[in-house]
Amino acid sequence: MRFDVFTLLPEVFLPYLASSILKRARERGLIQVNAHNIREYTHDKHHVTDDTPYGGGGGMVMKPEPVFEAVESVMGQNPVQTTGQPVPIILLTPQGRVFTQRVAEELSQHERIALICGRYEGVDERIREHLVTDEISIGDYVLTGGELPALILVDAVSRLIPGVLGDPTGADDDSHSMGLLEYPHYTKPAEFRGWTVPEVLQSGNHAKIDQWRREQSLLRTFNKRPDMLEKAILDEKDSKFLNGLKKEER
Ligand code: SAM
C-alpha cells in the first residue's frame, strides 16, 4: 500500500517510520510512505506557503496553489487505483469524520492514499472544496499540525495490511476490532511482588482460556466502555454473561 503525505514538515515522518514494525513493513515492500514537501511546489523567491486570512483575524492560512500543485504533480489529475476506484485524497482536520478502527479497516482496502497535513489556522477552503475527497479527524482536540494525525492513520492502517504484523491473526482480538475492548495480558514471571497470573492462563486448557478471555473482554467493555456494547456482535453466551453483570450491579 502506498501513502503519499503532503506536508510542510516531511522530516518528522522518517524517525517514526524507521523503527520497529513499520520499518520492517517498508523494507519488505508491504507499505511505501512518501513525504512530499509542499514548499517545493512554490515558485517565489521565499517559498511562501501561507498568507493572511481574508476578512482579518489572527493566524495564517495555507495557500491553495502549492498544495494543488504538489498533489496534482505527484498523484496526477483524478488518480485512480487498479480497481478503478479513485485514490482517496484525505485532509487531516479536526472538522473531519472521526478516525476509528472501522475507518482504518475501510482505508486498508485501498492500494494508495494521499494525506494532506494542515498547519497554522488550516488550509484555504478551496483545497477542501475542490481537491480533497475525504476529511479525517483523529479526535475532538486541536493539534498544531496534521503530521501526527497522518502518522497515526498510517500506523493504524498499515498494521491491518496482511503480512505487516508477525502474527497474521494479531489484530483480530485487538480492542475495537470486534467491537469490544481486549482481554488483559500477562507474561512471565507467574508471580511478581505477590501478584499472580490468573490460574486459568497457566492451565494449558485452551477452551477455558478462550472462555476466560471472552468474559474478561465483555467485563472490561461493560466497565470501561458500556457504549460499545450497543453495537458489539454478541452471542447468547455473551448476553447471559452480561445479564449476570447487570444483575450484580443492582
Ligand atoms: N483552525 C482549525 C480549526 O479550528 O478547525 C484548526 C487548525 S490546526 C491548528 C492546524 C492543522 O492541524 C489542521 O489544518 C489539521 O491539518 C491539523 N489538525 C489539528 N487537529 C487535528 C485533529 N484533531 N485531527 C486531524 N488533524 C488535525
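The side chains of Thr 42 and His 47 are joined by a polar contact of 3.0 Å. A polar contact here is a pair of N or O atoms within 3.5 Å; within protein, one must be able to donate a hydrogen and the other to accept it, and residues adjacent in sequence count only if both atoms are side-chain atoms. Before going on, note that this is a predicted model, where local features need pLDDT of at least 70, side-chain atom pairs count only at pLDDT 80 or more, and totals for chains, interfaces and linings use all residues. Residues are numbered from 1 along each chain as its sequence is written, and side-chain values use heavy atoms, with hydrogens and water left out.

Back to that loop. Thr 42 sits between strand 2 (32-37) and strand 3 (50-51), and His 47 has its place in the loop between strand 2 and strand 3 as well. Helices (H or I, at least four residues) and strands (E, at least two) are DSSP runs, numbered from the N terminus. The side chain of Thr 42 also reaches the backbone oxygen of Arg 39, at 2.6 Å. Setting aside neighbours within four places in sequence, Thr 42 is in contact (heavy atoms within 4.5 Å) with His 47, Val 48, Thr 49 and Pro 66.

Buried means under 20% relative accessible area, exposed over 50%, and partly exposed in between (1.4 Å probe, protein chains only).

Asn 78, another residue other than glycine, has a positive phi near 45 degrees. Asn 78 lies in the loop between helix 3 (64-75) and strand 5 and counts as exposed, at 69% relative accessibility. Then there is a cis peptide bond between Lys 188 and Pro 189, with omega about 5 degrees; Pro 189 is in the loop between helix 6 and strand 8 (191-192).

Now the ligand. It has 20 residues around it, and the closest are Leu 92, Gln 95, Gly 118, Glu 121 and Tyr 141; a residue counts as near if one of its heavy atoms lies within 4 Å.

| Residue and atom | Ligand atom | Distance |
|---|---|---|
| Gln 95, polar side-chain atom | oxygen | 2.9 Å |
| Ile 138, polar backbone atom | nitrogen | 3.0 Å |
| Gly 146, polar backbone atom | oxygen | 3.5 Å |

Taken alone, the ligand exposes 580 Å², and the protein buries 85% of that. Such areas come from the Shrake-Rupley method with a 1.4 Å probe; for residues, only the protein chains shown count as cover.

What about the inside? A nonpolar core is a set of buried Ala, Val, Leu, Ile, Met, Phe, Trp, Tyr and Cys residues joined through side-chain atoms within 4.5 Å. The largest one has 28 residues, and those touching the most other members are Phe 3, Phe 99, Leu 107, Leu 115, Ile 136, Leu 153 and Val 157. Elements giving two or more residues to this core include strand 1 (2-7), strand 5 (89-98) and helix 6 (147-158). Helix 6 gives the largest share, six residues. Apart from this core lies another, of 19 residues, among them Val 123, Ile 127, Leu 131 and Val 132.
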